Amino acid sequence: MAQRCIVTGVSFETVRYTYRLRPGAAAERALTAEWHRCRWLWNEAVHQQKSGRRPTICKLSRLLTEARGRSVWLWEGSQVAQQQSLRAYMAALDASFKIPERGRPKVKRRKMARLSLEYTTRGFTIRDGRLCLPKGVTVPVVWSRTLPSEPKSVRVCQDNLGHWYASFTAVRPAAPASQAAGAIGIDWGVTATATTTDPAYDLPYGGYRKRCAAELAKAQRRMARRARLRGGKLHGPQSRGYREAERQAAKIAKKAARQNTHAARVWARRVVDDHQTIAVEDFRPKFLARSPMARKAADAAIGAAKRELIERGRRAGRKVVLVQPAYTTMTCSGCGEKQARLGLGQRIFRCQTCGYTAGRDRNAARVILATAECGRAGADDIRHAPSPPSRPRAAMRSEPEIPQLLAVGRH
Ligand SMILES: [Zn+2]
């Protein structure tokens with residue numbers, strides 16, 4: 001979020017810049033070992049919470065200091081990274097009480113959890129273009145673009161393909177708030193990822209995942225052929241052929257996901273630049289998770305586009321309104337009358353009352369915009385949801401007593 005400097009009056013925003021890392025074998029070993037220490041500490045904190053000891057950052061920090069005094073294994077690692085993993089745990093625990101449907105932080109298993117290490121400025125420097133971490137670990141960075149300022153923190157992580165990344169947080173002057181008039185309504189769909197009130201801003205479905213589905217299926221068949229099974233489940237260490245096929249499948253999936261994200265970014269930027277009010281259908285892909293492959297791919301594209309749009313809109317100071325999707329396809333955007341439900345195959349909306357005719361998604365987009373602009377679009381069933389949408393039932397499920405969390409201590 002943008003912050004204003006009191007002296008100069010210039011607004012600044014904190015942003016993340018991510019770069020590839022090329023660690024050598026020794027650095028890779030050291031980082032992996034550090035990750036296992038941090039993982040162990042995280043799991044210890046999970047255990048404390050489960051056994052009702054109500055961990056706070058003060059209590060955990062004290063335990064860490066004691067444990068480092070006793071255990072050479074912990075002491076050999078970086079205190080900054082270990083402290084940060086406990087802080088990350090406390091943030092996750094805190095969020096689990098405040099955000100509906102967010103579960104308590106879980107144990108990180110050796111084979112499942114992805115490597116991720118945090119360092120504050122106390123724990124890293126950049127020297128000769130290399131990232132220098134505690135205990136003599138230095139890693140070359142691929143500086144694909146320049147950092148806007150001195151970094152404030154860094155997260156070192158590894159993805160499922162084994163690639164290493166460093167994600168720095170830095171500060172940069174916020175772009176001056178551009179003026180835009182106009183409003184736009186957005187309806188998500190399968191044939192076109194986004195249909196808007198203005199056809200010029202539609203986002204056609206790229207079909208990146210669908211296009212590589214054949215390639216992916218081939219890799220998955222190879223995996224199936226080479227899997228070592230017992231009782232229908234993967235058993236023991238897998239063959240080299242299996243691991244290669246697995247990696248190939250992961251690579252294909254990642255490539256499609258990146259293409260999705262890129263297309264979504266370009267589109268979201270154009271929409272945000274030109275509109276002050278953005279009304280978005282509050283689509284929840286979770287409902288469609290058990291649907292066929294093509295549908296799933298479309299869901300992923302919608303998820304990426306929605307995320308990008310909300311993030312960019314809020315950053316640019318636009319009015320982003322999330323609208324509940326109920327009845328948007330049944331309501332006429334011309335007169336506001338509710339019509340009979342349209343089958344999935346019916347692509348044209350025709351109003352029996354006023355004769356308004358439009359594409360089904362285009363009509364829905366117009367209803368969404370109308371809902372956001374006046375609170376309702378004629379029919380009482382359309383609810384105007386201010387963002388973030390409130391869900392009282394889910395909120396009630398969170399536990400009544402909230403322990404004093406994140407009393408970030410000076411102990
Ligand atoms: Zn009508």
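## Burial and a tryptophan pair

A residue is buried when its relative accessible area is under 20%, exposed when that area is over 50%, and partly exposed in between. The model described here is predicted. In it, tryptophan 188 and tryptophan 267 are both buried.

These two residues also meet. The model holds seven aromatic pairs. One of them joins tryptophan 188 to tryptophan 267, in an edge-to-face arrangement. The ring centres are 6.0 Å apart, and the planes make an angle of 65 degrees.

## Other ring contacts

Ring pairs also build a cluster. Its members are Tyr19, Phe124, Trp143 and Phe168.

The charged end of lysine 108 sits over the ring of tryptophan 42, at 4.1 Å from the ring centre. Arginine 145 places its charged end over the ring of tyrosine 17, and here the distance to the centre is 3.9 Å.

## The zinc site

Four cysteines coordinate the zinc ion: Cys332, Cys335, Cys351 and Cys354. Each donates through SG, at 2.2 to 2.3 Å. The angles among the four donor atoms run from 105 to 112 degrees. Four donors count as tetrahedral if all angles lie between 85 and 135 degrees, so the zinc site is classed as tetrahedral. For four tetrahedral donors, the ideal angle at a metal is 109.5 degrees.

The donors follow the spacing C-x2-C-x15-C-x2-C in sequence. Cysteine 332 and cysteine 351 link distant parts of the chain, 19 residues apart. Cysteine 332 sits in the loop between β15 (319-323) and β16 (348-350). Cysteine 351 sits in the loop between β16 and β17 (357-359).

## Accessibility of the cysteines

Cysteine 332 has a relative accessible area of 1%, so it is buried. Cysteine 351 is buried as well, because its value is 6%. Cysteine 335 is partly exposed, with a relative accessible area of 34%.

Cysteine 132 is buried too, at 9% relative accessibility. How many disulfides does the model contain? The count is zero. A disulfide is a covalent bond between the sulfur atoms of two cysteines. The test applied here asks for a pair of cysteine sulfur atoms within 2.5 Å.

## Helix α4

Lysine 98 lies in helix α4, which spans residues 79-98. Its relative accessible area is 60%, so lysine 98 is exposed. The side chain of lysine 98 makes a polar contact of 3.3 Å with the side chain of aspartate 94.

Methionine 90 is also placed in helix α4. Is methionine 90 buried or exposed? It is buried, because its relative accessibility is 0%. Methionine 90 and isoleucine 57 are 33 residues apart along the chain, yet their C-alpha atoms are separated by 6.6 Å.

## Strand β16

Phenylalanine 349 lies in strand β16. Its relative accessibility is 0%, so phenylalanine 349 counts as buried. Glutamine 339 is ten residues from phenylalanine 349 in sequence. The C-alpha to C-alpha distance between phenylalanine 349 and glutamine 339 is 9.3 Å.

Most residues other than glycine have a negative phi. Two residues here call for a look at the backbone.

Arginine 54 is not a glycine, but its phi is positive, at about 45 degrees. Arginine 54 lies in the loop between α1 (25-50) and α2 (57-70). At 43% relative accessibility, it is partly exposed.

Aspartate 128 is not a glycine either, and its phi is positive at about 50 degrees. It lies in the loop between β4 (125-127) and β5 (130-133). Which accessibility class does aspartate 128 fall into? Aspartate 128 is exposed, because its relative accessibility is 75%.

How values were computed
Residues numbered from 1 in each chain as written. Predicted model: local features only at pLDDT ≥ 70, side-chain atom pairs only at ≥ 80, totals over all residues. Heavy atoms only, no water. Donors = N, O, S within 2.8 Å, 3.2 Å for Na, K, Ca; no water. Tetrahedral: all angles 85-135°; square planar, octahedral: opposite > 155°, others 65-115°. Helix = DSSP H or I, 4+ residues; strand = E, 2+ residues; numbered from the N terminus. Buried < 20%, exposed > 50% of the residue type's maximum accessible area, 1.4 Å probe, protein only. Polar contact = N/O pair within 3.5 Å; in protein donor to acceptor, adjacent residues only side chain to side chain. Phe/Tyr/Trp six-rings, centres within 6.5 Å; stacked < 30°, edge-to-face > 60°. Lys NZ or Arg CZ within 6 Å of the ring centre and 35° of its normal.
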